[in-house]
Amino acid sequence: MPEAPDTQPQIDPSIQTLDAVVIGAGFAGLYQLYRLRGMGLSARVYESGTDVGGTWYWNRYPGAACDVESVLYSYSFSKELEQEWSWSERYARQPEILRYAQFVADRFDLRKDIQFRTRVNSAVFDESTDRWLITTNHGERVSAKYCVMATGCLSAAKDVDIPGLEQYKGKTYFTARWPHEAVDFSGQRVGVIGTGSSGIQSIPIIAEQAKHLTVFQRTPNYSIPARNGPMTAAQQQHVKDNYAELRTRQYNHYIGLVGGIEAVPTLTTSALEVSPEERQREYEYRWGLGGLYYYTCYADLYSNLEANETLAEFVRGKIREKVRDPKTADLLCPKDYPFGTKRLCADSGYYETYNRDNVSLVDIKTTPIETFTANGLKVGDQEYALDAIVFATGFDAMTGALFNIDIRGRDGVALKDKWAAGPYTYLGLMTAGFPNMFITTGPGSPSVLYNMIIGNEMHVNWISDAIDYLEKDDRRTIEPTPEAEKAWVDHVNEVGETTLFVQTNSWYVGANVPGKPRVILPYLGGFDVYCQKCDDVVAKDYEGFVTA
Ligand code: NAP
């Protein structure tokens with residue numbers, strides 16, 4: 001849960017006037033502030049945490065790390081920054097990424113325009129002035145011409161949707177809101193609910209501490225060994241010497257996974273065109289590479305079920321090899337959805353953890369958790385006594401953080417109401433009827449299917465250029481036309497339908513949150529194609545937008 005503010009910011013009771021308000025001091029918000037300042041505009045960032053870093057500020061659970069290589073998962077906007085910062089490992093862990101965000105904030109002197117411990121309650125467009133009125137939980141009111149929602153795709157933790165938590169007397173932890181002080185599970189009976197990326201990263205470390213760890217698994221995930229390790233000085237230098245070329249490859253790729261220290265090829269052939277032996281060699285090669293490189297393997301893996309099944313079965317074979325107890329191994333093998341259509345996980349010793357004597361796996365798909373009790377939780381007739389429960393149960397992805405703010409556009413229309421049947425955006429950047437409100441990596445953009453730092457950087461550049469265009473041309477507003485928006489939403493859905501992603505119950509389609517409309521949230525057409533589209537729109541004088 002968010003930290004209670006210990007010092008209240010000084011509040012000016014009158015309505016303050018700024019050019020722009022940015023909500024969120026994660027990687028999008030930080031860079032947006034830098035760009036706004038560079039244009040000579042007044043701006044303030046509001047952030048509910050006590051420091052910068054967004055995701056990497058909140059998700060401090062044991063084992064938290066990024067599964068995109070550190071040299072790729074970093075800003076590209078400053079060549080000096082690229083040279084000054086050195087990543088210590090192939091995959092950076094949460095503390096190092098947080099230090100990087102802090103370094104950037106200090107390096108570019110950003111903190112003086114960030115107000116921490118402040119939650120934005122509402123953002124309301126005033127048609128009489130063409131400005132946004134933003135109010136905070138401290139009662140502060142700001143009038144701004146531009147409002148940038150840098151609120152993050154995976155920042156609103158999902159509510160606990162299992163009954164009886166109020167009865168439970170033990171300790172509870174949420175991976176998405178992990179305490180700042182160290183948590184020691186030594187000697188404790190610990191339960192983890194959730195086996196997505198967060199669960200899979202934290203389980204091996206919690207198992208090393210706990211007296212006994214019980215993992216409550218609803219859906220098994222496919223996980224690939226991360227094969228993390230230190231970066232040598234020579235590797236660091238090599239990347240720094242070749243950053244420009246690396247960035248070019250990264251930008252021109254549909255998912256940005258091009259290899260950090262060494263290039264990793266992207267295949268364009270079908271998995272079904274090659275012999276079983278060749279396929280096996282390729283799958284072994286990528287298993288050895290570690291990480292997410294099955295997303296750049298055969299071209300039809302995510303559109304053809306038969307192709308996908310060849311890889312799914314390969315990975316199931318690996319799980320069976322690693323896990324000694326055949327019943328546990330079988331439970332850990334995903335069988336009822338295509339490989340990679342729930343976000344693929346990268347782990348360090350996840351499957352091996354189930355070979356420990358102090359770890360057990362409980363299937364809660366067949367028999368769900370009925371309720372929490374004073375001492376633990378009940379699954380069917382069995383009660384599990386637990387000293388601590390860890391919730392790795394995920395997020396209300398891509399729309400949750402936006403809906404936590406009362407956002408109202410023209411005619412007082414609430415964003416929540418406009419998007420009741422699913423998000424409606426043009427390019428994932430703006431939504432009709434909400435002029436001058438920009439969303440970074442919003443629904444309908446590649447967002448979570450690309451590299452979040454570079455994807456955010458690209459969006460901030462686009463937004464900043466649009467703002468610059470309005471300022472230089474003395475215009476008041478920009479917003480999409482309903483027609484352009486509808487055409488884009490139709491396109492996002494059509495592209496989604498050509499893939500296997502839409503078949504799976506995942507947060508990509510909102511299926512993890514009870515009652516959420518089932519709509520494909522990210523754009524699956526690829527980052528390279530998407531960037532071209534965004535550039536074309538600008539080249540055609542902001543085609544599909546109206547400016548006034
Ligand atoms: P998640 O992938 O949504 O996983 C949540 C887990 O909790 C799932 O196993 C889910 O089961 C389970 N769950 C949810 N509600 C439940 C309930 N009521 N009863 C039983 N089980 C329940 O969430 P996450 O692990 O936090 O990851 C979210 C995303 O964050 C990732 O997909 C990734 O994009 C990002 N992330 C990235 C990294 C990284 O390395 N870069 C690390 C962590 C997270 P079902 O599958 O059955 O719903």
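**Figure 1. Helix 14 and helix 16 in the predicted model are roughly parallel to each other.** Helix 14 covers residues 452-472 and helix 16 covers residues 527-539. Their axes come within 12 Å and cross at roughly 5°. Angles under 35 degrees count as roughly parallel, and the two helices are therefore described in that way. On the side of helix 14, the contact is made by Gly 455, Met 458, His 459 and Trp 462. These meet Phe 527, Tyr 530, Cys 531, Cys 534 and Val 538 of helix 16. By class, the residues of this contact are 7 nonpolar and 2 polar, with no charged residues.

**Figure 2. Strand 5 pairs with strand 4 and with strand 6.** Strand 4 (residues 120-126) and strand 5 (residues 131-136) are antiparallel and share 6 bridges. Strand 5 and strand 6 (residues 141-149) also run antiparallel, joined by 4 bridges. Trp 132 of strand 5 stands opposite Phe 125, and the bridge partner of Trp 132 in strand 6 is Ala 144. Strands 4 and 5 form a hairpin with 4 residues between them, and Asp 130 in that turn has a positive phi of about 55°. The hairpin of strands 5 and 6 has 4 residues between its strands, and Gly 139 in its turn has a positive phi of about 90°.

**Figure 3. The second largest pocket holds about 490 Å³ of space.** Its lining consists of 24 residues. Those nearest the centre of the pocket are Tyr 254, Tyr 295, Tyr 302, Phe 501 and Leu 524. Helix 16 gives the most to this lining, with 3 residues. The lining divides into 16 nonpolar, 7 polar and 1 charged residues.

**Figure 4. The largest cavity has a volume of about 100 Å³.** The whole structure contains 5 cavities of 30 Å³ or more. The largest cavity is lined by 15 residues, with Glu 82, Trp 85, Trp 87, Lys 240 and Tyr 243 nearest its centre. Helix 3 (79-84), helix 6 (233-241) and helix 7 (243-251) are the elements that give two or more residues to the lining. Helix 6 provides the largest share, 3 residues. By class, the lining has 9 nonpolar, 3 polar and 3 charged residues.

**Figure 5. The second largest cavity has a volume of about 80 Å³.** Residues lining this cavity include Pro 423, Thr 425, Pro 443 and Gly 444. Trp 488, Val 489, Val 492 and Asn 493 also line the cavity, as do Val 519, Ile 520 and Leu 521. The lining has 8 nonpolar and 3 polar residues, and no charged ones.

Key: Residues numbered from 1 in each chain as written. Predicted model: local features only at pLDDT ≥ 70, side-chain atom pairs only at ≥ 80, totals over all residues. Heavy atoms only, no water. Axes fitted to C-alpha atoms, helices over the stretch in contact; angles between N-to-C directions. Parallel < 35°, antiparallel > 145°, perpendicular 65-115°, else oblique. Contact = heavy atoms within 4.5 Å. Nonpolar A, V, L, I, M, F, W, Y, C, P; charged D, E, K, R; others polar. Pairing = 2+ DSSP bridges. 1 Å grid on protein atoms, 1.4 Å probe; cavity = no way out; pocket = protein on both sides within 12 Å on 5 of 7 lines; lining within 4 Å. Points joined across faces, edges and corners; volume = space filled by probe spheres on them.
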